[in-house]
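This briefing is for a reader who is meeting the structure for the first time. Please look over the sequence and the model before reading on.

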Amino acid sequence: MDYSAKVMDHFMNPRNMGSIENSDGIGEVGNAKCGDIMKIFLKIEDGVIVDAKFRTFGCGAAVASSSMATELIRGKNIEEAWALSNRAVAEALDGLPPIKMHCSMLAEEAIHEAINDYRRKQGLEPWDE
C-alpha cells in the first residue's frame with residue numbers, strides 16, 4: 001500500500017499524542033471492522049480549542065489521521081473544528097488509499113464526539129451530525 005510522505009511522517013512522528021488532564025471534551029470512536037479505536041481530548045477556552053491531543057489504537061493511517069486532525073483544529077473555534085471534514089484531513093495528508101479513508105472518517109467523528117461532550121458539560125444541546 002502506498003502512503004504519502006506526509007502520512008508516513010505523521011505516523012512515525014505523531015503530533016499531539018497523549019491525553020489532556022481535566023480535558024473539556026473527550027470523543028472516543030471505534031470501527032469494529034478494522035479494530036481502530038480513536039480518542040480525542042480537547043482543551044477549550046472561550047470557545048477556542050487551545051489544545052488537542054489523541055490516543056489511537058490502530059493502523060498507520062489511523063494514527064496519521066488523528067495526528068493531522070488535532071493539528072488542524074488547534075487554534076480554531078468549535079464551529080470551525082466541527083466543520084473539519086474527513087476529506088480535509090485526508091487532503092492535508094496528501095491523500096489516503098481508498099481502503100483507508102475510514103480512518104479520516106474516524107477522526108471527524110471523534111472530533112464531533114469531543115465537541116458534543118464539551119457542549120453537554122456546558123449544559124448545551126449536542127449538535128447533530
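The points below cover the sheet, the helices, some single residues and the cysteines.

The model is predicted. Its sheet is open and has three strands, in the order β1-β2-β3, with antiparallel pairing. Helix α2 packs on this sheet, and helix α5 lies across β1 and β2. The structure holds zero disulfides.

**The sheet**

- Strands of a sheet pair through backbone hydrogen bonds, and the pairing may be parallel or antiparallel.
- In this sheet the pairing is antiparallel.
- The edge strands are β1, residues 25-31, and β3, residues 48-57, and each of them pairs on one side only.
- On average, neighbouring strands of the sheet are turned by 15 degrees against each other, direction ignored.
- Strands β1 and β2 are joined in the antiparallel sense by seven bridges.
- Across that pairing, Val29 stands opposite Met38 of β2.
- Strand β2 covers residues 36-45, and nine bridges join it to β3.
- Phe41 has Lys53 of β3 as its bridge partner, while Ile40 stands opposite Phe54, also in β3.

**The two hairpins**

- The hairpin of β1 and β2 has four residues between the strands. In its turn, Gly35 has a positive phi of about 85 degrees.
- The hairpin of β2 and β3 has two residues between the strands. In its turn, Asp46 has a positive phi of about 50 degrees.

- Helix α2 is made of residues 60-73 and touches β2 and β3. The direction of α2 makes about 175 degrees with that of β3.
- Helix α5 is made of residues 101-121 and runs at about 145 degrees to β1.

**How α2 and α5 meet**

- The axes of α2 and α5 come within 8 Å and cross at roughly 45 degrees.
- The two helices α2 and α5 are therefore oblique to each other.
- The crossing of α2 past α5 is right-handed.
- On the α2 side, the contact is made by Ala61, Ala62, Ser65, Ala69 and Ile73. On the α5 side, Cys103, Ser104, Ala107 and Ile111 take part.

- Helix α4 covers residues 86-92.
- Apart from neighbours within four places in sequence, Asn86 is in contact with Met101, Ser104, Met105 and Glu108.
- Asp117 has its place in helix α5 and counts as buried, at 18% relative accessibility.
- Apart from neighbours within four places in sequence, Asp117 is in contact with Asp24, Gly25 and Ile26.

**Positive phi in the loops**

- Most residues other than glycine have a negative phi.
- Asn22 is not a glycine, yet has a positive phi of about 50 degrees.
- Asn22 is found in the loop between α1, residues 5-12, and β1. Asn22 is exposed, with a relative accessible area of 65%.
- Asp94 is not a glycine either, and has a positive phi of about 60 degrees. The loop that holds Asp94 lies between α4 and α5.

**The cysteines**

- A disulfide is a covalent bond between the sulfur atoms of two cysteines.
- How many disulfides does the structure hold? The number is zero.
- Cys34 is in no disulfide, and the nearest cysteine sulfur, that of Cys103, is 5.8 Å away.
- Cys34 is partly exposed, with a relative accessible area of 34%.
- Cys59 is partly exposed, with a relative accessible area of 21%.
- Cys103 is also one of the α5 residues in the contact with α2.

Key
Residues are numbered from 1 along each chain as its sequence is written. This is a predicted model: local features need pLDDT of at least 70, side-chain atom pairs count only at pLDDT 80 or more; totals for chains, interfaces and linings use all residues. Side-chain values use heavy atoms; hydrogens and water are left out. A disulfide is a pair of cysteine sulfur atoms within 2.5 Å. Buried means under 20% relative accessible area, exposed over 50%, partly exposed in between (1.4 Å probe, protein chains only). Two strands pair if DSSP finds at least two bridges between them. Axes are lines fitted to C-alpha atoms, for helices over the stretch in contact, and angles run from 0 to 180 degrees between N-to-C directions. Contact means heavy atoms within 4.5 Å. Angles under 35 degrees count as roughly parallel, over 145 as roughly antiparallel, 65 to 115 as roughly perpendicular and the rest as oblique. A crossing is left-handed if the near helix is turned anticlockwise from the far one by less than a right angle, and right-handed if clockwise.
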